[in-house]
Amino acid sequence: MTPMLLPENSLTFIRGTTKTLRLTVTKPDGSLYDLTGGRLVFTVKGALSDDLPVLQKRTNIPAEGVITDPRRGIAEFYFVPADTQGIQPCTLIFDVWLITAAGERFCVVQRSSFVVQPGVTYLPL
């Protein structure tokens with residue numbers, strides 16, 4: 001049975017903060033995945049049944065994320081204050097998919113928790 005959420009991939013954000021998430025994509029055998037020509041999609045939803053994401057980042061849009069070292073499977077996703085400022089503190093779910101240059105699709109981070117926490121200081125955008 002596959003767990004609902006994978007705690008080892010849990011992400012926590014203080015609402016309205018700036019954050020860079022660095023991801024290394026590996027194959028099931030642990031070797032590094034060559035991301036050359038591919039792209040990654042990071043999606044956050046409130047529930048699996050939701051039609052639309054709360055937040056989505058793609059490495060083919062430079063302001064959202066980039067593959068920084070394709071041969072070593074390394075990418076970064078960029079979060080800005082506006083991404084989480086409007087989200088009430090809660091636990092959401094996220095996953096990350098790889099679309100290869102050949103069009104193959106792989107879930108590289110399975111469904112995991114995306115926690116938005118309140119901050120003490122509120123800084124308007």
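Biologist: What makes the link between Lys 57 and Asp 83 a salt bridge?

Modeller: A salt bridge is a side-chain nitrogen of Lys or Arg within 4 Å of a carboxyl oxygen of Asp or Glu. In Lys 57 and Asp 83 the closest N and O atoms are 2.7 Å apart, so the pair qualifies. They also tie distant parts of the chain together, since Lys 57 sits in strand 4 (residues 55–58) and Asp 83 in helix 1 (residues 81–85), 26 residues apart. Helices (H or I, at least four residues) and strands (E, at least two) are DSSP runs, numbered from the N terminus.

Biologist: Where do these values come from?

Modeller: This is a predicted model, where local features need pLDDT of at least 70 and side-chain atom pairs count only at pLDDT 80 or more, while totals for chains, interfaces and linings use all residues. Residues are numbered from 1 along each chain as its sequence is written, and side-chain values use heavy atoms, leaving out hydrogens and water.

Biologist: How many salt bridges are there?

Modeller: Three. Glu 64 pairs with Arg 58, with the closest N and O atoms 3.5 Å apart, and Asp 69 pairs with Arg 72 at 3.4 Å.

Biologist: Why is Glu 64 called buried?

Modeller: Buried means under 20% relative accessible area, exposed means over 50%, and partly exposed is in between (1.4 Å probe, protein chains only). Glu 64 has 16%, so it counts as buried. Lys 57 and Asp 83 are buried too.

Biologist: And what makes Arg 58 partly exposed?

Modeller: Its relative accessible area is 24%, so Arg 58 falls in the in-between class. Asp 69 also has 24% and Arg 72 has 46%, so both land in that class as well.

Biologist: What share of the contacts comes from residues 24 or more positions apart?

Modeller: They account for 62% of the contacts in the chain with a separation of 6 or more, where contact means heavy atoms within 4.5 Å. As for burial, 34% of the 125 residues are buried.
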